[in-house]
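Thanks for coming. Please keep the picture open while I talk.

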Amino acid sequence: MATLQERFEAAAEEVKTLTKRPTDVELLELYALFKQATVGDNDTSKPGMFDLKGKKKWEFWTNLKGTSKEDCQEKYIAKMEELVAKYRD
C-alpha cells in the first residue's frame, strides 16, 4: 500500500491527465490544498487589488490556515478522485 505522501504525489501528477478543464473554483481549491500540504500556512502578503487571480489564490490558501499537511493531502487526493471522475473521458 502506498504511503499518504506517495498517494498525494500521484494525485498531483494525475491532475495533468484531465482531458477537460475544471472550474476556476475547483482549480482554486486544488491550488490551496496543494500549497497548504506542501508549504503550510500562508504567511505571504496579500496581492494588490489589481492582481485578481493572485488575490483569489491567496484567499483560498489563507482559508486553510491551521489545517494539517496530512489533512490537506487527504482532501487533495479526494478532490482529485472527484475531478478525474468528472473531467477525464
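Helix α2 gives the most to the lining of the largest pocket, with four residues. Before going on, a word on where this comes from. This is a predicted model, where local features need pLDDT of at least 70, side-chain atom pairs count only at pLDDT 80 or more, and totals for chains, interfaces and linings use all residues. Residues are numbered from 1 along each chain as its sequence is written, and side-chain values use heavy atoms, with hydrogens and water left out.

Some terms. Helices (H or I, at least four residues) and strands (E, at least two) are DSSP runs, numbered from the N terminus. A pocket is found on a 1 Å grid over the protein atoms alone, as an open set of points where a 1.4 Å probe fits, with protein on both sides within 12 Å along at least five of seven lines; lining residues have an atom within 4 Å of a point.

Back to the pocket. The largest one holds about 200 Å³ of space, a volume being the space filled by probe spheres set on the grid points, which are joined across faces, edges and corners. Its lining consists of R21, D24, L27, L28, Y31, K53, K56 and K57. The elements giving two or more residues to that lining are α2 and α3, the latter spanning 52–62. What kinds of residue line the largest pocket? Three are nonpolar, none polar and five charged. Here nonpolar covers Ala, Val, Leu, Ile, Met, Phe, Trp, Tyr, Cys and Pro, charged covers Asp, Glu, Lys and Arg, and the others, Gly among them, are polar.

Next, the core. A nonpolar core is a set of buried Ala, Val, Leu, Ile, Met, Phe, Trp, Tyr and Cys residues joined through side-chain atoms within 4.5 Å. Buried means under 20% relative accessible area, exposed over 50%, and partly exposed in between (1.4 Å probe, protein chains only). The largest core has 18 residues, and Y76, M80 and L83 have the most contacts inside it. Two or more residues each come from α1 (4–14), α2 (24–38) and α4. Of these, α4 gives the most, with seven residues. Contact means heavy atoms within 4.5 Å. Not counting residues up to four places away in sequence, M80 touches A11, E14, V15 and L30.

Now Q73, which sits in helix α4 (residues 69–87). Is Q73 buried or exposed? Q73 counts as buried because its relative accessibility is 3%. Its side chain is joined to that of Q5 by a polar contact of 2.7 Å. A polar contact is a pair of N or O atoms within 3.5 Å; within protein, one must be able to donate a hydrogen and the other to accept it, and residues adjacent in sequence count only if both atoms are side-chain atoms. Apart from neighbours within four places in sequence, Q73 is in contact with L4, Q5, F8 and A37.

Last, D41, in the loop between α2 and α3. D41 counts as partly exposed because its relative accessibility is 35%. The side chains of D41 and Q36 make a polar contact of 2.7 Å. Beyond four places in sequence, D41 touches residues including W61, L64 and K65. D41 and K69 are 28 residues apart in sequence, with 9.5 Å between their C-alpha atoms.
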